[in-house]
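User: Please take me through how to read a domain interface and a few backbone features in a model.

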Amino acid sequence: MTQTVALETPPLALGGGPKAVSEPKPYWPYLTDDEIEAVRANLVKGRTDWSYMCAAGKGGPGQALEERVARDLGVPFVAATAGGGPALHIACMATLEMGDEAIVTPYSWGQTVSCILQAGGVPVFADIDPRTLTLDPKSVEAKVTPRTKAIVVVHIGGMPADLDGLLAVARKHGLALIEDCAQAQGSRYKGREVGTFGDYGCFSLGSGKNIAAGEAGLLVARTRDHYERALLCGMHPMRNNVDVQDPARRAWIDSLIYTYRVNALSAGLAVKQMDRLDELNAHRRRAYAQMAERLAGVPGIRALSVPEDRDPAWHMGMWTFVPEEVEGVTRAQFLKALQAEGVPIGGSYVGTPIHLRPTFAQKKTHFGRGYPWAAHPQGDAIVYRAGDCPVAERRCAVEDLTMLGGGCWKDVTPLLDQIAAAFRKVAARLDEVRGIQA
Ligand SMILES: Cc1ncc(COP(=O)(O)O)c(C=O)c1O
C-alpha cells in the first residue's frame with residue numbers, strides 16, 4: 001500500500017524533521033502558595049496542639065479533612081487513611097473472611113486486586129465493558145457462586161463504572177460493593193459522586209492523584225456498622241475509643257490493627273486543596289474534550305465515547321488505538337513515531353492484565369504458595385488463564401493508548417494544537433511509520 005504525502009507535510013521527527021510538539025507538558029502536582037502556607041501553619045499549631053502533628057485520635061487536620069469530605073460528598077462516615085491502598089485493604093478486611101471470593105476487574109492498578117489477597121480473599125476476575133473499560137455487570141453476574149462475598153470495582157482513569165448494574169447484582173446476591181475511586185475523585189455517575197454508591201468508597205490522595213496531598217487516602221463507609229468494622233481494622237485505638245460505639249465491638253479495640261491513619265501534614269494539605277478540586281477537574285475535563293475534538297477523524301486513534309450518565313474527572317486520559325484505520329502499522333510503531341514528535345503518549349497503562357500475572361498463573365503471593373487459595377474448598381481447581389477476560393486482554397495487548405492526565409491542564413490550547421498536528425503528520429506519513437523498527 002502506498003500513500004501520497006502532501007508536499008507541505010513536514011518530515012517525521014524520527015526521520016530527522018522538526019518535532020511537532022515544543023510546548024512544555026503540564027507539571028503535577030502543582031501546589032499553590034496558599035497550600036504550602038497551610039502546611040506551615042499546621043506545623044506551627046503543632047507546638048500547642050498535638051493533633052496538628054499526629055492524627056492518632058480526633059482533632060486537627062485529620063478530623064478537618066474527614067468533615068470536609070463528608071460535607072462535599074454528603075456522606076456520614078469518613079476515615080482518612082495513609083493511602084488508597086490502605087483504604088482498600090481496610091474495606092476488604094472488614095468485608096471478607098479467609099477463602100471468600102471477591103469478583104474484581106483484571107484491568108486496573110494491582111492494588112485493586114491485592115487488597116482482596118491481603119484480606120485472605122480469593123480474587124475471581126470478570127471482564128470489562130469495551131466502552132467504559134470498567135466492570136461489566138453481566139460478566140460479574142456470571143461469576144457469582146455461593147462463596148462470593150463482594151464485588152470490587154475500579155473507576156479506572158476516572159471513568160465511572162455502571163454502578164446501577166453492579167448494585168443490582170450485589171443486591172440480588174447479597175454481596176458487598178467496594179468502590180476503588182483512587183483515580184476518580186470528583187467523577188460522577190448520574191450526577192452523584194462515585195464512592196458514595198457502594199458499602200465502601202476508597203480514594204487515594206497520593207501525589208499523582210486529582211487531590212495531591214503527598215501520601216494519603218480516604219475511606220467512605222455507607223453505614224455506622226460498616227464504619228465501625230473498618231475502624232477496628234485500620235485506625236488507632238485512641239480514635240476507636242471515641243468512635244466505636246457498639247458495646248460488643250469495644251472489647252476488640254486494639255486487637256488486630258494496622259496503623260493506616262492519615263498523617264496530619266498530608267491531611268492539612270488535602271483540606272486546602274479540596275477548594276480547588278472542581279476547578280482542577282474542570283481543566284482535565286476540558287482538555288480531554290478539546291483533544292477529542294481535535295483528533296476526531298484522525299486515523300488510528302479514538303477517544304472513549306462517554307455514556308450520557310457518566311462524568312469522568314479524567315485522572316488519566318484513556319484512548320483507543322484503531323489498527324484497522326492505519327493498516328499495517330502496529331501500536332508500537334504508532335507510539336514510537338508520536339513520542340518522537342514530543343507527544344506525551346504511552347501504550348497500555350495496565351500492561352499485563354492482572355489475572356495473567358505470576359501471582360495468579362502460579363497462585364503464589366509473597367505470603368507463600370497456596371495462600372489464600374488453600375482456605376477455599378475448591379481452591380486447587382481455581383485457575384486463571386488467557387481468554388478468561390477477552391475484552392480486557394485485547395485492550396492491553398492491542399488497543400490501549402494513554403494520553404493526558406497527571407498534570408494541571410489549565411491553558412493548554414497551544415499544546416493540544418501541537419499534539420493534534422503531530423497526529424496529522426504521522427497519519428500523513430504512514431508509509432514511513434510502517435518501516436519503523438519498534
Ligand atoms: C486504581 C488504584 N487503586 C489503588 C491505588 C493505591 O493508592 P495509594 O497509592 O494511595 O495507596 C492506586 C494508586 O495509584 C490506584 O491507581
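Predicted model: local features only at pLDDT ≥ 70, side-chain atom pairs only at ≥ 80, totals over all residues.

User: Which domains does the assignment give?

Analyst: Domain bounds come from an automatic or database domain assignment. Here domain 1 covers 13–30 + 277–350 + 393–433, and domain 2 covers 33–276. Their centres, taken over C-alpha atoms, are 30 Å apart. With contact meaning heavy atoms within 4.5 Å, 28 residues from domain 1 and 33 residues from domain 2 take part.

User: How much area do domain 1 and domain 2 bury between them?

Analyst: The size of an interface is often given as the accessible area lost when the parts come together. Buried area is that loss with a 1.4 Å probe, summed over both parts. For domain 1 and domain 2 the value is about 2,700 Å², with 55% of it on carbon and sulfur atoms. On the domain 1 side, Leu 277, Arg 310 and His 315 lose the most area to domain 2, together 26% of what that side buries.

User: How many salt bridges does the rule find across the interface?

Analyst: A salt bridge needs a side-chain nitrogen of Lys or Arg within 4 Å of a carboxyl oxygen of Asp or Glu. The rule finds one between domain 1 and domain 2. Asp 311 and Arg 188 form a salt bridge, their closest N and O atoms being 2.8 Å apart.

User: Where is Pro 29, and which residue does a cis peptide bond join to Pro 29?

Analyst: Helices (H or I, at least four residues) and strands (E, at least two) are DSSP runs, numbered from the N terminus. Pro 29 lies in the segment before helix 1 (33–45), and the cis bond joins Trp 28 to Pro 29, with omega about 0°. The bond from Tyr 371 to Pro 372 is also cis, with omega near -5°; Pro 372 sits in the loop between strand 15 (368–369) and helix 14.

User: What is phi of Asp 411, and is Asp 411 buried or exposed?

Analyst: Phi of Asp 411 is near 50°, a positive value in a residue other than glycine. Asp 411 lies in the loop between strand 16 (400–405) and helix 15 (413–428). Buried means under 20% relative accessible area, exposed over 50%, and partly exposed in between (1.4 Å probe, protein chains only). Asp 411 counts as exposed because its relative accessibility is 67%.

Key: Residues numbered from 1 in each chain as written. Heavy atoms only, no water. Buried area = accessible area lost by both parts, 1.4 Å probe.
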